[in-house]
Amino acid sequence: MRKFDYDLVVIGGGAAGIAGAMMAATAKKKVAIIEKDLIGGGNTISSFTQLVAGRISQLLNQAREGSNVGLNSDQLKINLPSMYSEIQNRAEDFIETKQKELAEAKIEVIKSTARFISPIEVAIDGKTITARKFLIASGTLLDTGEITGLEETGFITTEELFLGLPRIPKVTLVVGAGQSGVEASEFLANLGSSVILVDMNDRILPREDAEASKIIEAKFEQKKKIKILTETKVVGLENDGVQTLPTGRKTRVVKASLLRGGQKKSVRVECVVLATGRKPGLDLGLENANVKYNAEGILVSNQMQTSNKNIFAIQKIIAP
């Protein structure tokens, strides 16, 4: 009988991957998790930091609105380094807790990328490891679509937004009005940035209830510094020089070309936040493991089993 390095290798250290690893470890299996970034997973850590950042920004906004009942908030300011230091400290505590849980369960964590080189073997940092079974929980990647000029102008993701900004942008373009885009817009508006929220759909929060979408849109228009442009596509970005603000601070300007109703328009902003859709992370050498997939994801059964009976995948495409 062949000897394997592990009973189970989990590719991806997010919430789903950790849950699968813990279940196997409870059954006395030898388990390893391969994660190239942060244990806890980008989506989970992003949600955690977003929650903390959102609460802080809401407190700031509530304090400003206190002027309606006689509170003087003219001198109210936010210290960005202090705020983000608190957020990062809490995120580090969260990650440390997850690492401790894995260590106590005797689950090995391997900091690396992983790529299948056979149905039972993956390559990691110049060596290979084998396992009886694999669980793919590699998550998703940001889909930047067809926007030109992204590399030249630069942009930030919603995950990066909640982990640290060097300063509050005077004007921000948020691309994508799903949940993450709406939450990013509110956060930035609470901090004092003027926000232009753009989406190709005919309303914000297109996956949510239409009535809820209307309520939030009305709230933004009444109280927040947020301009909503629906049925609008961001075509391209380009650097547009440096502008001197009334405060004397110099800032770079990005010109965003928009297409709305068949007409081309442009806006000038200081910062671009991408809150666009996600696409599956499939650069895993799946063909070497006899795992079937397409552009939408890995094909799995109702039991999350792939075309290779010893390899499972989480939150992928159900095979017909």
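This is a predicted model: local features need pLDDT of at least 70, side-chain atom pairs count only at pLDDT 80 or more; totals for chains, interfaces and linings use all residues.

## First stop: I129

Select I129 and show its surroundings: leaving out residues up to four places away in sequence, I129 touches D5, Y6, V9, I34, I110, I120, E121, V122 and I124, where contact means heavy atoms within 4.5 Å. I129 sits in strand β6, residues 127–136. Helices (H or I, at least four residues) and strands (E, at least two) are DSSP runs, numbered from the N terminus. I129 counts as buried because its relative accessibility is 6%; buried means under 20% relative accessible area, exposed over 50% and partly exposed in between, with a 1.4 Å probe and protein chains only.

Residues are numbered from 1 along each chain as its sequence is written, and side-chain values use heavy atoms, with hydrogens and water left out.

## The whole protein

Zoom out. The protein has seven helices and 20 strands. Its C-alpha atoms fill a box of roughly 75 × 45 × 40 Å along the principal axes. Of the 320 residues, 42% are buried.

## Rings

How many aromatic pairs are there? The count is two, with rings of Phe, Tyr and Trp (its six-membered ring) pairing if their centres lie within 6.5 Å; planes under 30 degrees apart count as stacked, over 60 as edge-to-face and the rest as tilted. Select F116 and F134, an edge-to-face pair at 5.0 Å centre to centre with 70° between the planes. F116 is in strand β4 (residues 115–118) and F134 in strand β6, so the pair links parts of the chain that are distant, 18 residues apart. F116 is buried, with a relative accessible area of 1%, and F134 is buried, also with 1%.

Next select F162 and F187, whose ring centres are 4.9 Å apart with planes at 55°, so this pair is tilted. F162 lies in the loop between α5 (158–161) and β9 (171–175), and F187 in helix α6 (residues 179–191), so the pair ties together parts 25 residues apart in sequence. Both F162 and F187 are buried.

## Cores

A nonpolar core is a set of buried Ala, Val, Leu, Ile, Met, Phe, Trp, Tyr and Cys residues joined through side-chain atoms within 4.5 Å. Select L161, F187, L188 and L197: in the largest core, of 29 residues, these touch the most other members. Helix α6 gives the largest share of this core, six residues. Around L188, the contacts beyond four places in sequence are L161, L165, P169, T172, V174, S193, V195 and V273. Another core lies apart, with 23 residues, including I34, I110, A289 and V300.

## An open sheet

Finish with three strands that form an open sheet in the order β12-β13-β14, with antiparallel pairing; two strands pair if DSSP finds at least two bridges between them. β12 (232–244) and β14 (263–269) are at the edges with a single partner strand each, so one side of each has no neighbour in the sheet. Ten bridges join β12 to β13 (residues 250–260). Select V242 to find R252 of β13 opposite.
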